[in-house]
Amino acid sequence: MLVCLRVPQYPLAVVLDGAPPGNVPVLVADRLERGRVIALDDRAYADGSRVGQTIAQAAAATSQARVVVYDPARGHALWNEMLDALDAVTPLIDDVREGLAFLDMRGIAGDAPVWMAQIREVSARFSMPLCLGTGANRFCSYAAAWIGDGTILTRGEEAQRLHSLPLQVLELDPDTQERLHLLGIATLGELAKLPHGPFERRFGRDAARRHEWARGIDRTPFVPRGHSVTIEASMFGEGQADDEAQVFFALRMVLTRICSDLGRCGKRANALQLRLELDSGDRPVLDVLLVAPTSDERSMFEVLRAKLEGLQFAAPVVGLHLRALRLEEGGEELALFSGGDIDTQRIAVTLARLEAVLGEPALRAELRDAHPLEERYAYEPFTIPKRHACEAPLATLPATVPQLRLLRVQETDVRVLRGEPAFVGTPFQAVLECAGPWRIEEGWFGAAVVRDEYDVLLEDGEMYRIYRQGARWYVRGVYD
């Protein structure tokens, strides 16, 4: 279950700062000179003012309105402080934009009412008007928060609860929304009745995603936010890091939080992204590929420090932002052979022991060109790699791709919607992403092979290769 946290009219909430609205309508503008309205209160809306109008247009519709210029820096800092506080509820938070976030509650004790009570308790000191809702995916939880604060949208009732909601929930672009109104489409239920294929051809891929949302289907992946820290004046005196030791100290603080969250979630990171904020306003970004998935703080720090030691910046560092990328399940992997150099003698001894236990020589798979999966590899005797083959610099190594591990073929249950797998397994799991089909036709004589293969990403995070042969479905492999 996901919990949607929504702050309606976030710039207005920041401006009011918890104070009740007064007798004078409030207009929030992005700037004073030639500015436009980015938020307004109910009284100004009732008078005819709208978001996107110029200050002059809105003021003409709402007499005696109070115009307040929004401070984006303060709003950004307040929102990030609020998300940092929500880490006490769950470490997995998808920060969509200021005023909207999703919290992944898998593995968190309690149920939806308990989670919402915890979120309200943590957020109470920020005096924000919260709207909370829960659902099985991002859009369903967002729609629940739109229906009303505290709404719980359980699986199976999406069509019924979403049917009467207006199109504004989908946040369509104005042109698409106007075209739909001309067609007489005003609610999600009316939109869901349109056939998906013709709708996508006419309105485009982005609108087609929202057509799926109208039916309660949302394949948007959950992307946890990164942790950030600002180098405060109290830490470095002038609020700047002129010495690399100060930067390393702040980096170590962020890594401690990152690794703590990885440990709680049972995740490992394959890569890191470090964004530095300089006093000049520049924001250089470093993408760091880790040799092996890890959640070890020391290993990450040594790699980041090696990257930073060879760089020079034109201005002092005033902040940094670190994000763990390409997460995968599991604890810390232990290497079979330690050290930076390959000890061929140790490898030979280990292989001899393995062969003695298994009673057969050690083999490794070599790829070869073929259409069926079972013919794309062949086993060859394992040979010790030459030293130069392991000394390629990190920048030249190919990008890590998921590896398909073939399983014993077994039949599975698949429910097809719109011509592609939508639910797989027993019990059914929703398909988040689907690639295919790939038609395999081999063998003109004898036992011919004719099947359609698909790659499917399920809601539990696992990716499988399945195929349909005749009227039956089978699982062929899983991606590691």
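Contact means heavy atoms within 4.5 Å. On that basis, 55% of the contacts in the protein chain between residues at least 6 apart in sequence join residues at least 24 apart. The model is predicted, so to speak of local features requires pLDDT of at least 70 and side-chain atom pairs count only at pLDDT 80 or more, whereas totals for chains, interfaces and linings use all residues. Residues are numbered from 1 along each chain as its sequence is written, and side-chain values use heavy atoms, with hydrogens and water left out.

**Figure 1. Overview of the chain.** Of the 480 residues in the protein chain, 37% are buried. Buried stands for under 20% relative accessible area, exposed for over 50%, and partly exposed for values in between (1.4 Å probe, protein chains only).

**Figure 2. The largest nonpolar core.** A nonpolar core is a set of buried Ala, Val, Leu, Ile, Met, Phe, Trp, Tyr and Cys residues joined through side-chain atoms within 4.5 Å. The largest one has 31 residues, and those with the most contacts inside it are Leu-5, Val-7, Tyr-10, Trp-79, Ile-119 and Met-128. Two or more residues each come from β1 (2-6), α1 (10-16), β2 (26-29), α4 (72-86), β6 (100-104) and α5 (112-123). The greatest contribution, 6 residues, is that of α4. A second, separate core of 26 residues includes Val-247, Leu-290, Phe-301 and Leu-304. In soluble globular proteins, nonpolar side chains tend to be buried together.

**Figure 3. Surroundings of Ile-119.** Which residues are in contact with Ile-119, leaving aside neighbours within four places in sequence? They are Val-3, Leu-5, Leu-86, Val-89, Leu-103 and Leu-132.

**Figure 4. Packing of α4 against α5.** Two packed helices are described by the angle between their axes and the distance between the axes. The axes of α4 and α5 come within 9 Å and cross at roughly 130 degrees, which makes α4 oblique to α5. Axes are lines fitted to C-alpha atoms, for helices over the stretch in contact, with angles from 0 to 180 degrees between N-to-C directions. Angles under 35 degrees count as roughly parallel, over 145 as roughly antiparallel, 65 to 115 as roughly perpendicular, and the rest as oblique. The crossing of these helices, α4 and α5, is right-handed; this term applies if the near helix is turned clockwise from the far one by less than a right angle, and left-handed applies if anticlockwise. Met-82, Ala-85 and Leu-86 of α4 meet Ile-119, Val-122 and Ser-123 of α5. By class, this contact has 5 nonpolar, 1 polar and no charged residues, where Ala, Val, Leu, Ile, Met, Phe, Trp, Tyr, Cys and Pro count as nonpolar, Asp, Glu, Lys and Arg as charged, and the others, Gly among them, as polar.

**Figure 5. Packing of α8 against α10.** Helix α8 (residues 174-182) and helix α10 (residues 196-203) pack at an angle of about 130 degrees, their axes being 12 Å apart. This angle makes α8 oblique to α10, and α8 passes α10 in a right-handed crossing. Thr-176, Arg-179 and Leu-180 of α8 make the contact with Phe-199, Arg-202 and Phe-203 of α10. The contact of α8 with α10 comprises 3 nonpolar, 1 polar and 2 charged residues.

**Figure 6. Helix α11 and Trp-213.** Helix α11 is mostly covered, with 7 of its 10 residues buried. The buried residues of α11 pack against α6 (138-147), α7 (158-162), α8, α9 (188-192) and α10. Trp-213 is found in α11 (residues 205-214) and counts as buried because its relative accessibility is 12%. Not counting residues up to four places away in sequence, Trp-213 touches Phe-139, Leu-162, Leu-170, Asp-218 and Thr-220. After α11 comes Gly-216, with a positive phi near 85 degrees.

Figure 7. Most residues other than glycine have a negative phi, and most peptide bonds are trans. Gln-9, in the loop between β1 and α1, has a positive phi near 50 degrees and is partly exposed at a relative accessible area of 34%. Ser-127, in the loop between α5 and β7 (131-135), has a positive phi near 55 degrees. The peptide bond from Thr-426 to Pro-427 is cis, with omega near 0 degrees, and Pro-427 lies in the loop between β17 (420-424) and β18 (429-442).

Conventions:
Helix = DSSP H or I, 4+ residues; strand = E, 2+ residues; numbered from the N terminus.
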